[in-house]
Amino acid sequence: IEAGRLELDLAPFDLRAPIEDVGALVAPRAQDKAIEIIVRYQPGLTSNLIGDAGRIRQIVTNLVGNAVKFTSEGYVLINVGGEIADGRAKLRIEISDTGVGIDAEKISRIFDAFQQADVTTTRRYGGTGLGLSICKRLVEAMGGSIGVDSTLGQGSTFWFSLDLPVDT
């Protein structure tokens with residue numbers, strides 16, 4: 001990614017597959033913590049798209065993995081929504097949790113490499129601080145945007161939006 005040589009593998013895919021795969025992947029860890037994993041796919045929204053399913057899976061895996069890591073009770077919601085117009089799907093994928101949340105002062109740096117919301121999170125939860133930076137670069141390479149809304153002590157919603165062609 002740093003060298004600008006990231007190549008996307010654009011192909012027809014069913015968006016439901018990588019979303020549901022991630023839910024199944026993290027389910028055992030969530031179950032160990034008594035956290036509910038909820039997957040919601042907007043009714044009527046097509047799932048037949050053209051894009052890089054592997055990179056989308058990578059982004060969702062990282063965001064959901066973080067949500068489970070930083071949530072000790074409650075739930076993690078994977079919500080896929082959007083609209084279809086002129087043969088394109090304008091998608092918004094949100095990962096919401098009832099976890100520790102992020103201090104408002106630290107949100108602006110959360111997507112920077114080697115940054116975490118709090119230095120104590122590295123000691124308590126582990127991690128390098130690279131995951132969100134990689135997610136941001138992948139989303140941007142696909143022409144999308146990424147962000148977070150959070151309240152300290154109440155949870156976070158990480159989201160990314162993509163504009164992908166619909167596979168007819």
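Predicted model: local features only at pLDDT ≥ 70, side-chain atom pairs only at ≥ 80, totals over all residues.
Residues are numbered from 1 along each chain as its sequence is written. Local features need pLDDT of at least 70, side-chain atom pairs count only at pLDDT 80 or more, totals for chains, interfaces and linings use all residues, and side-chain values use heavy atoms, without hydrogens and water.

**Sheet.** An open sheet of mixed pairing is built from 5 strands in the order S2-S4-S5-S7-S6; strands are DSSP runs of E with at least two residues, helices runs of H or I with at least four, and two strands pair if DSSP finds at least two bridges between them. S2 and S6 stand at the edges with a single partner strand each, so one side of each has no neighbour in the sheet. S5 and S7 pair in the antiparallel sense over 9 bridges, and Lys90 stands opposite Asp163 in S7.

| Element | Residues |
|---|---|
| Strand S2 | 35–41 |
| Strand S6 | 145–151 |
| Strand S5 | 88–97 |
| Strand S7 | 155–165 |

**Buried residue.** Val22 lies in helix H1 (residues 16–32). Val22 is buried, with a relative accessible area of 1% (buried means under 20%, with a 1.4 Å probe and protein chains only). Apart from neighbours within four places in sequence, Val22 is in contact (heavy atoms within 4.5 Å) with Arg57, Val60, Thr61 and Val64. The C-alpha atoms of Val22 and Arg57 are 7.1 Å apart, although 35 residues separate them along the chain.

**Helix pair.** Helix H2 (residues 53–69) packs with helix H4 (residues 131–141) at about 150°, their axes 10 Å apart; axes are lines fitted to C-alpha atoms over the stretch in contact, and angles run from 0 to 180 degrees between N-to-C directions. H2 and H4 are therefore roughly antiparallel (angles over 145 degrees).

Note on methods. Parallel < 35°, antiparallel > 145°, perpendicular 65-115°, else oblique. Buried < 20%, exposed > 50% of the residue type's maximum accessible area, 1.4 Å probe, protein only.
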